[in-house]
Amino acid sequence: MSLPGIDTAPAPWLGRNDGPGPEHARWHGVVQPLPEAEATPGVALLGFCSDEGVRRNGGRQGAATAPEALRAALGSLAVHDERPRYDVGDVVTAGTDLESAQERVSDVVASLSKAGHTVIALGGGHETAWATHRGLRRTHPNSVQIVNLDAHFDLRRAEHATSGTPFLQIAEHVEDFRYTVLGISTPNNTRVLFDTARDLGVEAHTDDDLAALGPERAAEIVTRAAEKADHLHLSIDLDGLPAAVAPGVSAPAAVGVSLATYRAMARAAAASGKLRLVDVVELNPRFDVDARTARVAARLIDDIVAALV
């Protein structure tokens with residue numbers, strides 16, 4: 001399957017090797033390049049090496065190296081299913097030309113989605129979400145629900161696209177904007193952003209709300225959101241986790257949402273049967289500690305793939 005727009009071909013995956021056979025399978029041994037011929041639908045990993053949106057938004061740069069770190073963290077995780085896993089390579093933002101890179105991401109996501117793959121985008125800043133969602137809409141133009149696990153609305157209005165604008169861009173691009181955001185940090189979002197969310201009909205739950213609910217009831221919010229549409233786009237911003245759990249992000253959270261709750265919500269999205277697209281964004285290896293954040297992100301990805309139906 002030819003994918004115009006890919007800048008960097010998949011590199012070899014590395015990891016622990018305990019022996020041959022499916023009983024010893026790990027990610028590094030089962031991930032394969034996307035075949036030129038028609039491939040069995042599976043999970044397709046797409047790297048987006050970009051932090052230009054973070055730079056424009058005034059954040060800490062370094063997320064452009066996240067796809068490599070995420071693959072390294074995934075490599076040695078054990079595999080307990082037969083689901084095909086493909087690595088299609090990376091799209092790279094060249095210099096400050098974010099918009100051209102986002103257009104290439106949209107093209108790749110559209111091709112993968114049309115072929116029946118569940119796309120997992122390895123970001124990159126949260127500017128990833130505008131590019132991936134636009135690509136999904138090219139093959140699934142209607143009835144798409146967005147669930148964003150995040151401390152921020154990312155509904156900023158700006159002269160140019162940034163890591164803080166993706167969901168406003170989507171709202172202005174589609175007629176049926178369906179957006180649920182879980183983990184909002186009230187002190188880190190202005191009244192303007194809350195007003196924008198209200199005007200757009202956004203369903204929002206704060207980090208305090210989720211702490212009171214607990215993992216199981218938080219997961220029910222995701223399940224209910226998925227029931228409202230035919231397709232689901234799950235966007236996971238790692239900066240919604242506590243800084244002690246996810247130190248390697250552009251904007252560490254003082255409070256955040258527990259990892260147990262993030263995992264429960266991610267698994268609920270996968271179990272809905274409607275998950276078409278996942279973003280895992282804002283990993284910043286430059287500020288990570290013992291690859292802690294990369295390992296957490298890898299576990300979330302593994303949770304999702306294991307729970308897909």
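A residue is taken as exposed when its relative accessible area is over 50%, as buried when that area is under 20%, and as partly exposed in between. By this criterion, in the predicted model described here, both E172 and R157 are exposed. The side chains of these residues, E172 and R157, meet in a salt bridge with an N to O distance of 2.9 Å. The pair links distant parts of the chain, with E172 placed in helix α6 (residues 166–173) and R157 in the loop between β5 (144–149) and α6, 15 residues apart.

In total, the structure holds 21 salt bridges. One of them joins the side chains of E103 and R138, at 3.0 Å from N to O. Because E103 belongs to helix α4 (residues 98–114) and R138 to helix α5 (residues 128–139), this contact ties together parts that are 35 residues apart in sequence. The side chain of R138 also meets that of D107 in a salt bridge, here with an N to O distance of 2.7 Å. Since D107 lies in helix α4 and R138 in helix α5, this second pair ties together parts that are 31 residues apart in sequence. Elsewhere, salt bridges link E52, R55, R56 and E99 in a network.

The largest pocket contains about 500 Å³ of space. Its lining is made up of 33 residues, of which A151, H152, N188, D239 and A251 are the closest to the pocket centre. By residue class, the lining of the largest pocket divides into eleven nonpolar, 15 polar and seven charged residues.

The second largest pocket holds about 270 Å³ of space. Of the 17 residues that line this pocket, A11, P12, P67, E68 and R71 are the closest to its centre. Two or more residues of this lining are given by each of the elements α3 (66–74) and β3 (85–92), and the largest share, four residues, comes from α3. The lining of the second largest pocket comprises ten nonpolar, three polar and four charged residues.

Methods: Residues are numbered from 1 along each chain as its sequence is written. This is a predicted model: local features need pLDDT of at least 70, side-chain atom pairs count only at pLDDT 80 or more; totals for chains, interfaces and linings use all residues. Side-chain values use heavy atoms; hydrogens and water are left out. On a 1 Å grid over the protein atoms alone, a cavity is a set of points where a 1.4 Å probe fits but cannot get out, and a pocket is an open set with protein on both sides within 12 Å along at least five of seven lines; lining residues have an atom within 4 Å of a point. Grid points are joined across faces, edges and corners, and a volume is the space filled by probe spheres set on the points. Ala, Val, Leu, Ile, Met, Phe, Trp, Tyr, Cys and Pro count as nonpolar, Asp, Glu, Lys and Arg as charged, and the others, Gly among them, as polar. A salt bridge is a side-chain nitrogen of Lys or Arg within 4 Å of a carboxyl oxygen of Asp or Glu. Buried means under 20% relative accessible area, exposed over 50%, partly exposed in between (1.4 Å probe, protein chains only).
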